[in-house]
Amino acid sequence: MVVVGGSAAGMFAALTLARAGHKVTLVERDDVQSEQRPGAPQAFQSHSYLARFVHNLRDVAPDVQQQLMDEGAKAYGADYFPPWISDRQPRPEMADCVTLSCRRNVFDAVLARALAREPGVTLVRSSVRGLLTSDDAAPPTVVGVGTDAGELRADLVVDATGRRSRFAQWVTAAGGLVDEGAQAPCGNMYYTRFYAVHDGLPEPMMQRGFGEAADLGYMAAVAFQGEGATFSISLQLEDDDEPMRAVRDADVFETVARRTPVGRHIDPELSSPISGVHVMAGLVNRLCRLVVDGKPGVLGLVQVGDSVCITNPSFGRGVSFASGMAVRLRDALQTHSDMGDVALDYDASHDVDVLPWFTNAVALDVATRGRWRAALYGEPAEAPARHALDWRDLFNAAMRDRVAFDAMLGAANLLVTPEQALATGAEALAAIRADGWVPPFPPPTPREAMLEAAQGASVS
Ligand SMILES: Cc1cc2nc3c(=O)[nH]c(=O)nc-3n(C[C@H](O)[C@H](O)[C@H](O)COP(=O)(O)OP(=O)(O)OC[C@H]3O[C@@H](n4cnc5c(N)ncnc54)[C@H](O)[C@@H]3O)c2cc1C
């Protein structure tokens, strides 16, 4: 089979399928181990890897998990509690809720080296230009791809070309059907800078171990541990917040980041920057499927990773979704010989593994954008969906109640669905609604003061 796209999803799929006995050709146009990756600029944004990914990696490739740890990746358990929670005893059912920290470019380099050694995987550095399909069939059957290096024929083509995948257009052009159903803009941009703690100093203490996040009511700030002594800070801004775009400049970035709750980690006594400011825009929530009205819209082609589903990066779900899709695809291929059955079985897994969190992401994004835009521009906010209000209350409950905390962490790590977490936390949620408690976070820097600080910082 041919896997197109050799980033997180493609590499994990190639590894999973090769270890299940398939002969895999992996086609990627970029050098994923270089500092230049035009095909995946998010490789230079903050990343961490949720428990669902950790489970899949352990099952598929424990040796690669070890290689990541050897490279300095760090594992954080579910025992980093908010200060208002008094029950801090370990619970066996949370023992497997482990998040992995590693910069994404380092993570990809480890996977790439593992694949280069993997029997059953052939690596081709080339760009795929289109599909090869069999004549006159309905739905069309994909029999390979055309690349810059010539044609590659395959019994199955796996599209792992990410958020800018062109496969949906190619399928439609070939007479097939695609359900591009849901698409909702995230409406924000990411600005990220990486740091390293000085030799001999301990890593920064982050609220959830692997990281921490703060919503300032008009922007957000995130800190993530990386491998070894590295960590990152990301600022998330509304995508039309022109004056704050000055954070692209490193001095302005630091000035603004220091005024956020995660800014305490930026301290020249403790750490130094090891990168410039990386920017990523054009973010959407999107779900694209190749089964339409219960029938495969194309045969011989499946998608994995961001080609199927993208959610707001602030949830950190993409690589975990991708790993789960690879495992589901492997299982569908083991169960069925007919490609139509493979397509249906695999597609059905998205309803279980992806859809509940996609729906959650869209609802939360609408609510967050509404709040931010009301604060920034005085725009009237659309009433948040019921789910978003429930989630806000569960979040508050999770700050003081252990059951709600574990439930929310399980959903955030893609181990239980958001609806299951709401059901588990129902009692704590009702208590919050009854007494109206909100976590007493320190008040954020007001927007005007932040803007003033940004404008006062030197722009080089
Ligand atoms: C700011 C930001 C932060 C994020 N943080 C997290 C996080 O913390 N945790 C997490 O799990 N996820 C996170 N994500 C999401 C994660 O980055 C993606 O889900 C993940 O990169 C998807 O991997 P992919 O392999 O599907 O696509 P990509 O990584 O986009 O890779 C697609 C690959 O396909 C190649 N390609 C494309 N077209 C062709 C072609 N025609 N021929 C050959 N090759 C081609 C490209 O060169 C590229 O290497 C974040 C995303 C962003 C934007």
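Cys288 is buried, at 3% relative accessible area, where buried means under 20% relative accessible area, with a 1.4 Å probe and protein chains only. Its sulfur is 10 Å from the closest cysteine sulfur, that of Cys309, which is too far for a bond. Cys102 is in no disulfide either, and the nearest cysteine sulfur to it, in Cys97, is 19 Å away. Cys102 counts as buried too, at 0% relative accessibility.

A word on the model: it is predicted, so local features need pLDDT of at least 70 and side-chain atom pairs pLDDT 80 or more, while totals for chains, interfaces and linings use all residues. Residues are numbered from 1 along each chain as its sequence is written, and side-chain values use heavy atoms, without hydrogens and water.

Now to the ligand. Around it are 36 residues, of which Ser7, Glu28, His47, Arg104 and Asp306 come nearest; a residue is near if one of its heavy atoms lies within 4 Å. The shell holds 12 nonpolar, 17 polar and seven charged residues.

| Residue | Protein atom | Ligand atom | Distance |
|---|---|---|---|
| Arg29 | side-chain N or O | nitrogen | 3.4 Å |
| Ser46 | backbone N or O | nitrogen | 3.1 Å |
| His47 | polar side-chain atom | oxygen | 2.8 Å |

Taken alone, the ligand exposes 990 Å², and the protein buries 96% of that, by the Shrake-Rupley method with a 1.4 Å probe.

Notes:
Polar contact = N/O pair within 3.5 Å; in protein donor to acceptor, adjacent residues only side chain to side chain. Nonpolar A, V, L, I, M, F, W, Y, C, P; charged D, E, K, R; others polar. Disulfide = S-S within 2.5 Å. Buried < 20%, exposed > 50% of the residue type's maximum accessible area, 1.4 Å probe, protein only.
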